[in-house]
Each structure stands twice: as structure tokens, then as C-alpha cells.
Amino acid sequence: MGPLVDWGADMPICRTLTTALLGAAVAFAAVEAAAQDYPNRPIHLVAGNPPGGATDMIARILGGPLSERLGQNIVIDHRPGANGNISADVTAAAKPDGYTMLYANNSTVVINPHIYTKWKLKPLEDLIPVATTITNQLVLAANPKVVPANDLPGFVQFMKGKSLFYASIGNGSQHHLAMEMLKQRSGMDLTHVPYKGGGPAGISVIAGENAVMFGGTSAVQHIVSGKLKALAVTGKRGWETLPDVPGIGETYPGYEVLLWHGIFMPKGTPEPVLARMRKAINEVLALPDVKEKLVKSGAGSPFITTPQQFSELLRADYDRYGKVIKDLGFKVD
């Protein structure tokens with residue numbers, strides 16, 4: 001017979017440890033069960049822009065085939081305002097169960113923290129990146145009745161001695177930042193007029209309330225219809241959607257503004273849920289008909305990344321735009 005072991009005073013500690021381990025095991029099992037059952041009800045996709053703009057169009061292009069793969073409806077929940085900050089706040093405050101997602105462009109998560117200094121949310125800490133969706137350029141679109149020039153050099157020449165207004169999708173948006181960067185390089189005098197999305201901004205330029213704008217999907221639609229004309233795109237070279245339009249980088253070397261969109265969930269969302277959604281999104285982005293719709297509409301090209309690549313992109317863009325904004329002395333509040 002072996003020696004007797006006297007647990008004595010250590011018994012409460014052992015019981016506490018055992019209870020904690022059992023509790024952790026039960027919690028883990030619950031998370032695993034929930035993930036296996038996910039999704040079992042409609043999923044809300046929170047968008048920071050009103051209907052009619054790029055965010056709305058891309059969400060709808062992706063939403064249909066995504067619903068088919070997940071077996072649940074994707075409900076697009078528009079929460080415009082503060083250049084996407086409101087939609088990010090709504091998502092971050094939601095229960096982290098995978099049923100509330102944020103559809104955001106890079107302005108919201110890597111630019112806004114530098115210019116909305118009173119914004120309490122920290123997107124890189126309070127939101128979890130799920131998947132990238134598209135990458136894109138912007139197009140400098142003008143009202144043909146207000147701007148006679150047909151290219152960027154001609155527009156810069158036309159603007160000498162003039163002061164006109166330009167529209168954007170909101171204060172601090174990449175569209176806003178792109179124009180301020182162009183003004184710095186060209187010396188043009190243009191006054192900013194912010195709107196709550198590409199739809200309203202485009203309508204204002206068509207109406208002649210503003211002379212030009214940087215736009216994506218909504219601007220391309222109006223360019224194709226002849227209501228607006230394209231002067232340049234924001235890449236170093238041309239753009240697949242508008243192959244005959246030169247890049248601003250060809251006139252001003254080093255100028256480049258590229259944007260991407262992605263989907264995020266609240267901090268604390270279980271990894272199995274993130275993985276399930278990421279897999280479904282990437283499968284949808286790989287569909288040939290989805291790519292065709294995205295490119296033809298001007299919404300961009302499918303952009304598939306790994307979780308590590310997405311995280312590295314977020315950090316790199318956060319640092320890069322922080323420097324650009326500091327150099328411009330650019331603030332909103």
C-alpha cells in the first residue's frame with residue numbers, strides 16, 4: 001500500500017481549478033456547437049453608405065451567391081454618416097456571434113482613425129478582419145457642360161485663375177483625400193463639398209452644383225451614359241474598367257490612390273465562424289460571373305487574401321496614410 005496523500009488545505013484550490021477547467025471546456029464546446037450550426041438565421045451586412053453607391057452595388061453583387069452558399073439571407077443594413085464611422089460603431093457594438101458584419105472600404109478602418117481624432121472606436125482593435133473583397137481605382141469625373149477639358153493636363157490648364165467646387169462621398173473619405181493630394185501636386189483651387197455617398201455626390205456633379213468628383217462605381221455608370229466624362233484615374237497607369245483613360249501617375253509621377261473593400265466582424269467572434277464566412281466569401285469572389293459584374297460596373301476586381309495578408313495590409317495602409325495625412329495637415333474634427 002502506497003503512502004497516504006493528505007490534500008489538506010489544497011483541496012479548495014483543486015476544486016476551483018477543476019471547476020474552471022470544466023467551465024472552459026463547456027464554453028469551448030458551446031462555441032464549437034454554435035460554429036457548426038452557423039448560420040441558422042439571416043445575417044446583417046452593415047454598410048456605411050446609402051443605396052446607389054459602390055458599397056451598395058458590391059454588397060448586392062456578392063450578397064446573392066453568398067446567401068446561396070450559407071443558406072441564409074444577407075440583409076443589407078445601410079447606416080450612412082461620418083464617412084463610415086457610424087456603421088463601424090454599430091458593428092463593433094453588436095453581439096460577436098457572426099450575425100452582424102461590416103462592409104467597409106479602407107477609408108473607414110485605416111484613414112478615419114487619423115482624421116477623426118474624437119472617434120472613440122479603434123477599428124484595428126475593436127473589429128476583426130474577415131476577408132477582403134475588391135480592389136479598385138477612382139476616376140476623376142467631370143460635368144461636360146462645366147469643364148471643357150477632356151484630360152487631366154487640360155483640366156489643370158482650365159482651372160488656372162478659377163475656383164470651383166468638387167464633391168466627395170464624405171469628409172475624410174479616400175475620394176476626399178485623393179482630391180486634396182491632387183490639389184497639392186497641381187496647385188488647383190477646388191473647394192470640397194461632402195455628401196453621404198457616391199450616389200448623391202454623382203447627382204450633384206451631373207446637376208452642375210459641383211464641377212468634378214473622384215468616384216468609383218456610381219461615377220462609372222454616369223460616364224458610360226455620357227452624363228459625366230472621365231479625365232483620369234488614380235493609378236500609376238490605366239484601369240481595367242476604363243482602359244482608355246490615363247492614370248494621374250502619368251502626369252504626376254508617384255501619385256497613386258488605390259482602394260480596397262473588406263468585411264469585418266465584432267471583436268470576440270469565434271474563429272470557426274470567421275473561417276466559415278471567409279471560405280464562403282472567397283468562393284464567391286472566385287466565380288467568373290461575379291468578377292465580370294464587378295469589373296464591368298466599375299466596382300473593382302476581386303481581391304482574395306489570406307488572414308495574415310489582410311492583417312499586414314491593414315497595418316501597412318494605416319501607417320502609410322497616417323504619414324500622408326500628417327504631411328497634408330489633414331483633419332476633420
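**Figure 1. Lining of the largest pocket in the predicted model.** Met181, Gln184, Arg185, Gly254, Tyr255, Glu256, Arg320, Val324, Asp327 and Leu328 line the largest pocket of this predicted model. The pocket holds about 210 Å³ of space. Two helices, H7 and H12, each supply at least two of its lining residues. H12 gives the most, with 4 residues. By class, the pocket lining splits into 4 nonpolar, 2 polar and 4 charged residues.

**Figure 2. Packing of helix H7 against helix H12.** H7 covers residues 174-186 and H12 covers residues 307-328. Their axes lie 11 Å apart and meet at an angle of about 50 degrees. H7 is therefore oblique to H12. The crossing of the two helices is left-handed. On the H7 side, the contact residues are Gln174, Leu177, Glu180, Met181 and Gln184. On the H12 side, they are Tyr321, Val324, Ile325, Asp327 and Leu328. This contact of H7 with H12 comprises 6 nonpolar, 2 polar and 2 charged residues. Met181 and Gln184 of H7 take part in this contact, and both also line the largest pocket. Val324, Asp327 and Leu328 of H12 do likewise: they meet H7 and line the pocket.

**Figure 3. Packing of helix H4 against helix H12.** H4 runs over residues 106-115. H4 and H12 pack at an angle of about 40 degrees, and their axes are 9 Å apart. That angle makes H4 oblique to H12. Here the crossing is right-handed. H4 contributes Asn106, Val109, Val110, Ile111, Pro113, His114 and Ile115 to the contact. H12 answers with Leu314, Asp317, Tyr318, Tyr321, Gly322 and Ile325. The residues of this contact of H4 with H12 divide into 9 nonpolar, 3 polar and 1 charged. Tyr321 and Ile325 of H12 touch H4, and they also touch H7.

**Figure 4. The largest cavity.** The model has 3 cavities of 30 Å³ or more. The largest cavity has a volume of about 160 Å³. It is lined by 21 residues. Closest to its centre are Ala54, Thr55, Ile169, His175 and Gly216. H2 provides the largest share, 3 residues. The lining of the largest cavity has 7 nonpolar and 14 polar residues, and no charged ones.

**Figure 5. The second largest cavity.** This cavity has a volume of about 70 Å³. Its lining residues are Gly48, Asn49, Thr55, Asn83, Gly84, Ser87, Leu102, Tyr103, Ala104, Asn105 and Thr108. Strand E3 (residues 100-105) gives the most to this lining, with 4 residues. The lining of the second largest cavity contains 3 nonpolar and 8 polar residues, with no charged residue. Thr55 lines this second largest cavity, and Thr55 is also among the residues closest to the centre of the largest cavity.

Terms used: Residues are numbered from 1 along each chain as its sequence is written. This is a predicted model: local features need pLDDT of at least 70, side-chain atom pairs count only at pLDDT 80 or more; totals for chains, interfaces and linings use all residues. Side-chain values use heavy atoms; hydrogens and water are left out. Axes are lines fitted to C-alpha atoms, for helices over the stretch in contact, and angles run from 0 to 180 degrees between N-to-C directions. Angles under 35 degrees count as roughly parallel, over 145 as roughly antiparallel, 65 to 115 as roughly perpendicular and the rest as oblique. A crossing is left-handed if the near helix is turned anticlockwise from the far one by less than a right angle, and right-handed if clockwise. Contact means heavy atoms within 4.5 Å. Ala, Val, Leu, Ile, Met, Phe, Trp, Tyr, Cys and Pro count as nonpolar, Asp, Glu, Lys and Arg as charged, and the others, Gly among them, as polar. On a 1 Å grid over the protein atoms alone, a cavity is a set of points where a 1.4 Å probe fits but cannot get out, and a pocket is an open set with protein on both sides within 12 Å along at least five of seven lines; lining residues have an atom within 4 Å of a point. Grid points are joined across faces, edges and corners, and a volume is the space filled by probe spheres set on the points.
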